[in-house]
Amino acid sequence: MSREMVPEYWRNKHIYLRPKGTVCRDCGAKYFPPRKVCLKCGSRNMEEYELSEKGRILSWSVVRYPTEEFAKYAPYILGLIELDDGTRLVAQVSDVSADEMHVGMRVRLAIRKAFEESESGIIRYTYKFVPDISEK
Ligand SMILES: [Zn+2]
């Protein structure tokens with residue numbers, strides 16, 4: 001099958017299903033988005049690793065007035081999340097209302113539609129986090 005025949009979603013699936021971070025081989029610090037240089041020890045001895053799919057909410061905020069690009073999605077929730085592997089990242093939290101959010105809430109990685117390009121009709125996917133209902 002030629003590359004053109006494979007829907008973009010499937011071509012990119014491996015990227016989006018498991019976002020990769022980088023870990024410092026010298027001090028163990030983990031980064032997402034990935035970094036080439038460690039902020040803690042200055043090492044360039046970094047390697048990729050697959051992020052944990054589960055974590056917990058450290059804090060969050062409701063974005064009511066985003067940049068124009070995201071205006072139609074407002075309001076939405078941005079969470080500071082600590083994954084089970086210790087990585088901290090900021091990501092959108094969906095499938096939950098602000099009233100239901102709480103510190104320590106368990107969340108898991110989910111693949112969701114990010115936006116649709118109006119001209120091409122191509123739907124792009126990105127990662128978000130949703131409540132992990134298997135762990136209440
Ligand atoms: Zn380091």
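Helices (H or I, at least four residues) and strands (E, at least two) are DSSP runs, numbered from the N terminus. Along the sequence, their order is α-β-β-β-β-β-β-β-β.

A word on the source. This is a predicted model, in which local features need pLDDT of at least 70 and side-chain atom pairs count only at pLDDT 80 or more, while totals for chains, interfaces and linings use all residues. Residues are numbered from 1 along each chain as its sequence is written, and side-chain values use heavy atoms, with hydrogens and water left out.

Let us turn to the zinc ion. Its protein donors, meaning N, O and S atoms within 2.8 Å of the metal (3.2 Å for Na, K and Ca), are Cys 24 (SG), Cys 27 (SG), Cys 38 (SG) and Cys 41 (SG), at 2.3 to 2.4 Å. The spacing of these donor residues in sequence is C-x2-C-x10-C-x2-C. Cys 24 belongs to strand E1 (residues 20-24), whereas Cys 38 sits in the loop between strand E2 (30-31) and strand E3 (46-50), so this pair ties together parts that are 14 residues apart in sequence. Both Cys 24 and Cys 38 are buried, that is, under 20% relative accessible area with a 1.4 Å probe, protein chains only.

Why is the arrangement around the zinc ion tetrahedral? The four donor atoms subtend angles of 104 to 119°, and four donors count as tetrahedral if all angles lie between 85 and 135 degrees.

Finally, the protein as a whole. Of its 136 residues, 32% are buried. Taking contacts (heavy atoms within 4.5 Å) between residues at least 6 apart in sequence, 48% join residues at least 24 apart.

Methods:
Four donors count as tetrahedral if all angles lie between 85 and 135 degrees; four count as square planar and six as octahedral if opposite donors are over 155 degrees apart and all others between 65 and 115; anything else is irregular. Buried means under 20% relative accessible area, exposed over 50%, partly exposed in between (1.4 Å probe, protein chains only).
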